Amino acid sequence: MQLDKFDRQLLNLVQQDSSLAAERLAEQVPLSPSAIQRRLRRLREQGVIQRDTAIVDPAKIGRPNFFIVSLEVERERPELLAQLRTWLNEQEQIQQAFYVTGEADFVLIITAPHMEAFDTFMSRLMLDNPNVKRFTTNVTLGLLKRGLHIPVPLDETE
């Protein structure tokens, strides 16, 4: 899909705050509010904007702990990997999951209210997924930055 400069500006702005009204966006992108609405609708329909979401303060809802988990699988057979991927996608505690190269096969970002809840979750992961050979965990000591913003260069050549 071809993105022009206006699309790129809009993508950067709505990633910062998806609740901005077209009128507010028009103050920063030299288009009419109706043109902005049409462009945003097109970007959603074409899957460039996958969804709009709210960023919640984890501490204020009782989930202040994050764990970075590296999983190593026993066998990389396609059907076993598909089963594990499905299981990982269904778990609300898993904030992000990456299929990676290196010593680990998957890296997960997991949130939990406390260590006991995390331990229970990991026990269930191992029981439900016998193809997982081992895992290692890094416990976060503090949250420095969190987000999903993808920088969209204003110039196609960047």
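Here is a quick tour of one arginine, the helix pair around it, and the sheet with its helices. Keep in mind that this is a predicted model.

**R42 and its helix**

Let's start with R42, which sits in helix α3, residues 33-45. Its relative accessibility is 26%, so R42 counts as partly exposed. Leaving aside residues up to four places away in sequence, R42 touches M1 and D7. D7 is 35 residues from R42 along the chain, yet 9.9 Å separates their C-alpha atoms.

**α1 against α3**

Helix α1 covers residues 5-16 and packs on α3 at about 80°, with 11 Å between the axes. That angle makes α1 roughly perpendicular to α3. From the α1 side come F6, D7, L10, L11 and V14, and they meet I36, R39, L40, R42 and L43 of α3. Sorted by class, this contact has seven nonpolar residues, three charged and no polar ones.

**The sheet and its helices**

Then there's an open sheet of four strands, ordered β2-β3-β1-β4, with antiparallel pairing. At the edges are β2 (94-99) and β4 (132-139), each pairing on one side only. From one strand to the next, the twist averages 20°. β2 and β3 (residues 106-112) are joined in the antiparallel sense by five bridges; F98, for instance, has V107 in β3 as its bridge partner.

Two helices pack on this sheet, and both touch β1, β2, β3 and β4:

| Helix | Residues | Direction relative to a strand |
|---|---|---|
| α4 | residues 78-90 | about 25° with β3 |
| α5 | residues 115-128 | about 165° with β4 |

How values were computed. Residues are numbered from 1 along each chain as its sequence is written. This is a predicted model: local features need pLDDT of at least 70, side-chain atom pairs count only at pLDDT 80 or more; totals for chains, interfaces and linings use all residues. Side-chain values use heavy atoms; hydrogens and water are left out. Buried means under 20% relative accessible area, exposed over 50%, partly exposed in between (1.4 Å probe, protein chains only). Contact means heavy atoms within 4.5 Å. Axes are lines fitted to C-alpha atoms, for helices over the stretch in contact, and angles run from 0 to 180 degrees between N-to-C directions. Angles under 35 degrees count as roughly parallel, over 145 as roughly antiparallel, 65 to 115 as roughly perpendicular and the rest as oblique. Ala, Val, Leu, Ile, Met, Phe, Trp, Tyr, Cys and Pro count as nonpolar, Asp, Glu, Lys and Arg as charged, and the others, Gly among them, as polar. Two strands pair if DSSP finds at least two bridges between them.
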